[in-house]
Amino acid sequence: MNFSTSKRPHETPYERLKALGITLPEAPPPIANFVTHVQEGKLLFLSGQGPSETDGRQHIGKVGADVTVEQAYAHARLTGVNLIAVMHAALGDLSRVRRLVKLFGMVNAVPDFADHPAVINGCSDLMVDVFGPAGAHARSAIGQGSLPGQITVEIEAIVAID
């Protein structure tokens, strides 16, 4: 597992995002009656995010039918960017992230699809690239018969903070 995007171990998450060519969008608003995050003590619980572009367009479809694993990996990575945007909005500074504790990834897949981990790796790889060793996390990756709006992936996170 690659724990750094650079040879400079003391880079901030913002410097790593810049090196990756990622500009954080505004945190996507909730789509129903819930909040994007809840802080309880030193834990930040992030509601599920999906593959929303900055213009509001969402990536939709069934992985294993009309969406490839490679496309869904990119959608999971985009979902990771949205999760990081929520972290930034909640914390004001991504340097407060002590550790990514857990990701829970859901894939809108055909019934016989079996490569859920490869899809959710899009988000997991991003978290390690942005947060280094603190981005390594426990994770679940499961298939679903459908997701809200038929989005391809939805991912939620638990983050330990300072």
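Trainee: Leaving aside neighbours within four places in sequence, which residues is threonine 79 in contact with?

Mentor: Those are Gln49, Gly50, Pro51, Val153 and Ile155, where contact means heavy atoms within 4.5 Å. Keep in mind that this is a predicted model, where local features need pLDDT of at least 70, side-chain atom pairs count only at pLDDT 80 or more, and totals for chains, interfaces and linings use all residues. Residues are numbered from 1 along each chain as its sequence is written, and side-chain values use heavy atoms, with hydrogens and water left out.

Trainee: Thanks! Where is threonine 79 placed, and is threonine 79 buried or exposed?

Mentor: Threonine 79 lies in helix H2; helices (H or I, at least four residues) and strands (E, at least two) are DSSP runs, numbered from the N terminus. The residue is buried, with a relative accessible area of 0%. Buried means under 20% relative accessible area, exposed over 50%, and partly exposed in between, using a 1.4 Å probe and protein chains only.

Trainee: How many of the 162 residues count as buried?

Mentor: The share is 44% of the 162 residues.

Trainee: Okay, on to the core. Which residues have the most contacts inside the largest nonpolar core?

Mentor: Ile84, Met87, Met127, Phe131 and Val159 do, in a core of 35 residues. A nonpolar core is a set of buried Ala, Val, Leu, Ile, Met, Phe, Trp, Tyr and Cys residues joined through side-chain atoms within 4.5 Å.

Trainee: And which elements give two or more residues to this core?

Mentor: Strand E2 (43-49), helix H2 (69-91), strand E3 (97-108), helix H3 (116-131) and strand E5 (153-161) do. H2 gives the most, with eight residues.

Trainee: What does phenylalanine 131 touch, not counting residues up to four places away in sequence?

Mentor: Phenylalanine 131 touches Pro13, Arg16, Ile84, Met87, Leu94 and Val97.

Trainee: New topic: how many bridges join E3 to strand E4?

Mentor: Seven, and the two strands run parallel; strands pair if DSSP finds at least two bridges between them. Valine 107 stands opposite glycine 143 in E4. The chain goes from E3 through H3 to E4 in a right-handed β-α-β crossover. Right-handed here means that, with the strands pointing away from the viewer, the path from the first strand over the helix to the second runs clockwise.

Trainee: How many helices and strands are there in the protein?

Mentor: Three helices and five strands, and along the sequence they follow the pattern α-β-β-α-β-α-β-β.
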